[in-house]
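Please look over the structure below together with its sequence. The briefing after it is meant to be read with both at hand.

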Amino acid sequence: MRVNEKYSTLPAEDRSVHIINICAIEDIGYLPSEGTLLNSLSVDPDAECKHGLYLRDGRRKVDYILVYHPKRPSGSRTLARRVQHGDAAPAARGTRQDQPLPGKGDVGAAGGPEPPMDHHEDDKRFRREEYEGNLLEAGLELERDEETKIHGVGFVKIHAPWNVLCREAEFLKLKMPTKKLYHINETRGLLKKINSVLQKITDPIQPKVAGHRAQTTKRLSYPFSREKQHLFDLSDKDSFFDSKTRSTIVYEILKRTTCTKAKYSMGQGEGRKKDSALLSKRRKCSKYGITSLLANGVYSAAYPLHDGDYEGENVEFNDRKLLYQEWASYGVFYKYQPIDLVRKYFGEKIGLYFAWLGVYTQMLIPASVVGIIVFLYGCATVDENIPSMEMCDQRHNITMCPLCDKTCSYWKMSSACATARASHLFDNPATVFFSVFMALWAATFMEHWKRKQMRLNYRWDLTGFEEEEEAVKDHPRAEYEARVLEKSLRKESKSKEKRRHIPEESTNKWKQRVKTAMAGVKLTDKVKLTWRDRFPAYVTNLVSIVFMIAVTFAIVLGVIIYRISTAAALAMNSSPSVRSNIRVTVTATAVIINLVVIILLDEVYGCIARWLTKIEVPKTEKSFEERLIFKAFLLKFVNSYTPIFYVAFFKGRFVGRPGDYVYIFRSFRMEECAPGGCLMELCIQLSIIMLGKQLIQNNLFEIGIPKMKKFIRYLRLRRQSPPDHDEYGKKRQRYEADYTLEPFAGLTPEYMEMIIQFGFVTLFVASFPLAPLFALLNNIIEIRLDAKKFVTELRRPVAVRAKDIGIWYNILRGVGKLAVIINAFVISFTSDFIPRLVYLYMYSQNGTMHGFVNHTLSSFNVSDFQNGTAPNDPLDLGYEVQICRYKDYREPPWSEHKYDISKDFWAVLAARLAFVIVFQNLVMFMSDFVDWVIPDIPKDISQQIHKEKVLMVELFMREEQGKQRLLGTWMEKDRKKDEPCNSHGPTAGLDSPEYPGGAL
């Protein structure tokens, strides 16, 4: 039997509420009358079929749920402890709640041993009682349910009545649709025909959701006002505020409502006196809103309800089921997203994330097409590439110097033929064009998103949202309030210590009391955290971030040592096939190690970034989120891209030369690039890390970890439930089913993985033209995966209004600018594009690339090897080698300045630097030009916004004119009523005795 306990309001004289709060409520005009909720309310016998979406009467919706863990009060000592603290009013409210619920045995009443006192649990219960009483004072209606299918968990169901919704909607300045309809300006002529053709073509990929197509009319929106309710269509009050808006309003009340009284003291005697003093201070300073109560464990969870079940034969149709069918199913991956329905159900902030993800995925389509064309161009021209043909031609018989000391022997350049041919697929003139294209693509994507964002702001009535943002931004976090309380108590104790040591003059007692009172006001009202309070946290942040970056570099260095040592070990293998594939084996295994380390460190760095942000104690949620994003992005950026940066810009740059190599720890020789350059290895590194992160971290983790957590919670709750656990999953109410879902942890992880992917697509795209294609395929799955997670795996988040994607837009712009610079350096220094141009126009005899390979190789006399570094088997190739070749621009051994850097090196370096400068400035200019040409606000949207303002002015002018006419009509009626009296007065005067005959 389910037992529900309902709250009842107390008589006015018994209410224990701060006088200021009472006055504020009375000024608003919504002081709840006595008996707002009575325990004798009629119960709808069919309420159970509502599945917990309504209160017991079956009429009032459940707008929010508070979850707590009920504990047995410590018997008869509870009331005595309350009276001891002089808190009689809450005792009056709690007299009913101290009684055992029906269906539960009372241990104390049965004469059994009294359970041990749990002051901490009593304090939680007292805070809940006071907080819920204050919610009643704020006009909300509550209902408690402790006899649930989930053992040891109690629920408080909250309903916001109509008058509270109206009041809060006016406070929050929520824009609501009015009765006024107006036509949206439609395109005409050729554009109209093109739009109609496009609509017919895209009709099969449109979701079957009402209102998804372009509307020809729109309702004029205006901030809700109780004085102007006649402007709004209130024919159906139950649906005027949808479930998302109702839960948002209740959450604002929960944040604003405070619990200011501490209710218990621990111990006896001296310890109790100290606790009482501390609690009296806490009464002055602390305010426990819902965020603080959740942080302190008074409530274990707080969430709005989903609209109902999303699958099943007899499930009533609702928005959640519609989203599951038309959005969260893999079978509709080819369709557009129902963004308006997503916003209606989850709020603007989540709607903007999925809208941004959809725009990003759409923009990847042209980038993928161009990337495929560039790759196919490389495949088509690989047999015409002269440098790779020369490297594969065994007739050239070029003998290369050993790749490592002692164990490695001389080798033929033709053995690297496959690597050279594969390098041409990604290192050809088309990749330069693709780099320019991707830089312009990034700028176009940003501008396209800004325009899409403005359209959504207009459609979602967010055009005047700055005031609300400021109000949300100023709301302090629970941790910040706790630190301010701690600081104020510390200051107050110090001031008391000072007053204790200073002798007090009898003549100044009154003055001293005034100063003490004023000091208390300052402590409670004007205390805030300064940079001095946060200085230890700032130092910890700096040291920790530097240490984490150093750890990343150390791991990369370890992988480098692994590559060097593994290459030397494989070189000693007797199998020719093993020795011929040393580069591929070492590169593949090293990249897999890098991938595993990156995935593990990503999770570690995410936790460290959150901890570092918490110890800073930011004041607001917005500040907390921005600091967390900055730290997490910095650490994950370094973690993901450091191995790639090493291959792109450092590998093979600081090797030295034969006879004078550079060593790590005096024993490991720095590794070299292949004769075809490091670009192919960079491509392998980038592709494996990108695909591995997307497959393992973004998809398997997102699918597996939530399901595993859900299964563990299910097992835990099943273990705690009564023996009839077979009934557990069948008859649960909506709030019980939602409690078992995963709490919503914010959008930061979702944005983070997409921003890192955006970096893979843009930063090193010159080395991997297929990156946009793989990103596109991943995002098609990612959209449906995230959608399914939000609809089926997560509790419904509180809807948050937002008009943009916040700091993520600035990060995207920064990554786009950085991509231009990095691609310039990749083309210039990592690929052979610039050396080929220099050779073609400065050194080629016949204007072709014949002889380029020989031009890039320098000669070394094997007699100049340092002692102990020459190959152990110099006759491995079957003949004695006197001159070997290595890739560098140096003087030959027969030159006067042998092994010095040659003039060719400086010519190539100058050309490389010149290319970087020209490429960077040209592409930056073109990106800024695209930014300037494309307006941020579409012309039709700016016209519609202006039209709305004009229509609103006209509406109020007509309303004012109507009031004036009505006032004029009333005045005319009053004047006509007064006319008979005025005409009767003079006649009587003429007939008076003073005027006989009625004439003068």
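Predicted model: local features only at pLDDT ≥ 70, side-chain atom pairs only at ≥ 80, totals over all residues.

Residues are numbered from 1 along each chain as its sequence is written, and side-chain values use heavy atoms, with hydrogens and water left out.

**Overall make-up**

- The chain has 32 helices and 15 strands, where helices (H or I, at least four residues) and strands (E, at least two) are DSSP runs numbered from the N terminus.
- Of the 1000 residues in the chain, 47% are buried; buried means under 20% relative accessible area, exposed over 50%, and partly exposed in between, with a 1.4 Å probe and protein chains only.
- Taking contacts (heavy atoms within 4.5 Å) between residues at least 6 apart in sequence, 81% join residues at least 24 apart.
- Carbon and sulfur atoms account for 59% of the accessible surface of the chain, which comes to about 50600 Å²; such areas come from the Shrake-Rupley method with a 1.4 Å probe, and for residues only the protein chains shown count as cover.

**Confidence**

- The mean pLDDT (the predictor's confidence in each residue, from 0 to 100) of the chain is 77, and 79% of its residues reach 70 or more.
- Confidence is highest in helix H13 (residues 348-380), at a mean of 93, and lowest in helix H1 (residues 19-28), at 35.
- Over residues 516-524 the pLDDT stays under 50, and the model has eight contacts beyond four places in sequence for this stretch.
- Residues 725-729 also have pLDDT below 50, with seven contacts in the model beyond near neighbours in sequence.

**Disulfides and other cysteines**

- The whole structure holds three disulfides, a disulfide being a pair of cysteine sulfur atoms within 2.5 Å.
- The sulfur atoms of cysteine 392 and cysteine 417 lie 1.9 Å apart in a disulfide, which is right-handed because the torsion about its S-S bond is about 95 degrees.
- This pair links distant parts of the chain, with cysteine 392 in helix H14 (residues 386-392) and cysteine 417 in helix H15 (residues 417-426), 25 residues apart.
- Cysteine 401 and cysteine 884 form a disulfide with their sulfur atoms 1.9 Å apart, and the link is right-handed, with 85 degrees about the S-S bond.
- Here 483 residues separate the partners, as cysteine 401 lies in the loop between strand E8 (399-400) and strand E9 (411-412) and cysteine 884 in strand E15 (residues 883-887); both cysteine 401 and cysteine 884 are buried.
- In the disulfide of cysteine 404 and cysteine 408 the sulfur atoms are 1.6 Å apart, and both residues are buried.
- Cysteine 607 counts as exposed, at 56% relative accessibility, while cysteine 379 counts as partly exposed, at 33%.

**Salt bridges**

- Side chains of opposite charge can pair when their charged atoms come close.
- The count comes to 44 salt bridges, taking a salt bridge as a side-chain nitrogen of Lys or Arg within 4 Å of a carboxyl oxygen of Asp or Glu.
- Arginine 125 and glutamate 129 form a salt bridge, with their closest N and O atoms 3.2 Å apart; because they are four residues apart in helix H4 (residues 119-137), about one helical turn separates them.
- Arginine 125 is buried at 11% relative accessibility, and glutamate 129 is buried at 5%.
- Arginine 226 and glutamate 170 meet in a salt bridge (2.7 Å, N to O).
- Arginine 226 lies in the loop between strand E6 (217-223) and helix H7 (237-240) and glutamate 170 in helix H5 (residues 162-171), so the pair ties together parts that are 56 residues apart in sequence.
- Lysine 335 forms a salt bridge with glutamate 326, the closest N and O atoms being 3.5 Å apart.
- Through shared partners, salt bridges join Glu447, Lys450, Arg813, Asp931 and Asp936 into one network.

**Two local sites**

- Valine 638, in helix H23 (residues 621-650), is buried with a relative accessible area of 14%.
- Beyond its neighbours within four places in sequence, valine 638 is in contact with Ile549, Thr552 and Phe553.
- Isoleucine 194 is in helix H6 (residues 190-202) and counts as partly exposed, at 39% relative accessibility.
- Leu190, Leu191, Ile194, Val197, Leu198 and Ile201 form a nonpolar surface patch with about 590 Å² of accessible area together; patches are made of residues with over 30% relative accessible area and no salt bridge, like charges being joined within 9 Å and nonpolar side chains (Val, Leu, Ile, Met, Phe, Trp, Tyr) within 5 Å.
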